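Trainee: Could you walk me through how to read the packing in a model like this one?
Mentor: Gladly; let's take it feature by feature.

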Amino acid sequence: MANVVVIGAQWGDEGKGKITDLLSKSADVVVRYQGGVNAGHTVVVNDRTFKLHLIPSGILYPSTECIIGSGTVIDPKVLIEELDQLEQLQVSTANLMISQTAHVTMPYHRLIDVASEEKRGNQKIGTTGRGIGPTYADKSERTGIRVLDLMDPDGLRDRLTWSIEYKNAILEKLYELPPLDPVEVIEQYLQYADRLRPHVVDASLKIYDAIQQRRNILFEGAQGTLLDLDHGTYPYVTSSNPVAGGACVGAGVGPTMIDRVIGVAKAYTTRVGEGPFPTEMTDGIGDVLCDRGAEFGTTTGRKRRCGWFDATIGRYAVRINGMDCLAITKLDVLDELDEIKVCVAYEIDGQRCENFPNSARQFARCKPIYETLPGWKQSTADCRSLDDLPKEALAYLKFLAELMEVPIAIVSLGASRDQTIIVEDPIHGPKRALLDANGTPVDSNP
């Protein structure tokens with residue numbers, strides 16, 4: 001039995017959807033523990049593409065139970081659209097469970113999110129405009145609406161009548177927007193409640209029971225470490241905690257119940273939205289990676305900014321998450337490059353810096369210190385074992401493992417499930433570690 005957390009080791013969009021999907025095959029339960037519809041996971045199965053925003057990737061396995069935990073914020077309209085999409089594709093959603101204490105995104109959250117971002121001018125954060133930040137703000141302010149409130153029609157009418165009146169004052173006076181109709185909103189959300197009611201459970205109890213039964217549980221994070229509200233590149237962050245520690249709070253389990261943490265990182269780096277990005281490419285290579293890697297956001301369709309692999313933020317992610325091993329994705333995107341750069345440290349005001357700075361202003365002054373490795377100039381898309389990889393590609397992976405000081409367990413070489421080299425199974429225990437901290441293949445104890 002193993003309870004494993006899957007987290008993003010960069011700014012999100014690392015390919016966690018595919019890795020979670022792969023590991024879900026060995027999991028009995030998959031739990032989404034934070035974020036909202038601002039996150040998106042793309043999974044390709046038998047040439048069919050599934051774009052999921054709230055429903056855990058494990059839904060594609062009929063016997064896997066999927067839980068949307070308390071730490072998420074749920075937009076019922078989007079969730080129902082996902083349910084409909086999956087059912088049209090003949091994917092059963094019978095095993096989906098929704099935490100009754102998860103908070104609900106309302107229409108005023110979306111309106112305020114977009115309007116406040118416009119008011120920021122050149123201080124924009126780069127939000128998705130899906131109302132996630134305002135939903136979490138209401139949660140912290142203790143004025144939020146939870147899923148269990150949706151299940152109580154009379155209580156919902158009382159709470160929403162006041163909330164909409166309060167939010168309408170903000171919409172009209174601060175943002176000069178028309179008010180919402182309370183009756184219309186309440187009736188719409190009561191309809192959502194009827195559709196979602198069969199899925200609503202005490203999620204923490206369900207997860208605890210699964211642990212007591214020694215079932216395999218996979219905790220699925222959204223976004224990435226550098227977008228964490230407390231430990232990311234603040235203020236250019238999300239409104240929740242994508243780091244591994246967030247799994248305990250968002251799912252409602254104790255830290256002693258987590259066995260392993262697997263991080264996911266691209267073989268290069270991307271980020272969406274505003275904020276400093278030391279290794280960002282300003283030449284044509286960035287466009288090549290964007291095209292080859294289809295670097296457009298699952299949720300917004302925005303073009304992602306591309307840069308070289310940043311081992312400084314990688315080491316930071318290893319430390320913050322207590323990472324046991326790493327999955328490297330999109331190695332194949334680098335196939336055509338003559339040479340590949342890796343950021344091994346920063347220069348800040350003339351001084352070498354090995355560690356990630358917490359100040360956004362200081363981070364913006366970071367200049368990457370690169371080491372350059374030769375490219376392999378051949379396709380890796382059909383590689384299915386380490387022995388199939390070009391020696392330069394294997395050397396690149398060894399170099400990353402040495403810099404990150406953590407074994408690489410999985411290498412992804414395309415969007416499909418089969419385009420993967422799995423050297424270590426985080427659910428059933430390792431067969432062997434791919435590379436140790438010195439870049440040497442070693443045996444690993446189960």
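Trainee: How many residues of domain 1 and domain 2 are in contact?
Mentor: Contact here means heavy atoms within 4.5 Å. By that rule, 28 residues of domain 1 touch 21 residues of domain 2. This is a predicted model, where local features need pLDDT of at least 70, side-chain atom pairs count only at pLDDT 80 or more, and totals for chains, interfaces and linings use all residues. Residues are numbered from 1 along each chain as its sequence is written, and side-chain values use heavy atoms, with hydrogens and water left out.

Trainee: Where are the bounds of domain 1 and domain 2?
Mentor: Domain bounds come from an automatic or database domain assignment. Here domain 1 takes 3–88 + 202–422, and domain 2 takes 103–199. Their C-alpha centres are 29 Å apart.

Trainee: What area is buried between domain 1 and domain 2?
Mentor: Buried area is the accessible area (1.4 Å probe) that two parts lose on being put together, summed over both. For this pair it is about 2100 Å², with 60% given by carbon and sulfur atoms.

Trainee: At what angle do the axes of helix 2 and helix 7 cross?
Mentor: Helices (H or I, at least four residues) and strands (E, at least two) are DSSP runs, numbered from the N terminus. Axes are lines fitted to C-alpha atoms, for helices over the stretch in contact, and angles run from 0 to 180 degrees between N-to-C directions. Helix 2 (residues 76–88) and helix 7 (residues 182–196) have axes that come within 10 Å and cross at roughly 40°. Helix 2 is therefore oblique to helix 7; angles under 35 degrees count as roughly parallel, over 145 as roughly antiparallel, 65 to 115 as roughly perpendicular and the rest as oblique.

Trainee: Which residues make the contact of helix 2 with helix 7?
Mentor: Among them are Leu79, Ile80 and Leu83 of helix 2, and Tyr189, Tyr192 and Arg195 of helix 7. The contact residues comprise 7 nonpolar, no polar and 4 charged. Ala, Val, Leu, Ile, Met, Phe, Trp, Tyr, Cys and Pro count as nonpolar, Asp, Glu, Lys and Arg as charged, and the others, Gly among them, as polar.

Trainee: How do helix 6 and helix 7 pack, and at what angle?
Mentor: The axes of helix 6 (residues 153–173) and helix 7 are 10 Å apart, at an angle of about 140°. So helix 6 is oblique to helix 7 as well. Leu156, Leu160 and Ile164 of helix 6 are among the contact residues, as are Val185, Ile186 and Tyr189 of helix 7.

Trainee: Which peptide bond is cis?
Mentor: The one from Tyr234 to Pro235, with omega near 10°. Pro235 sits in the loop between strand 10 (217–220) and helix 9 (245–251).
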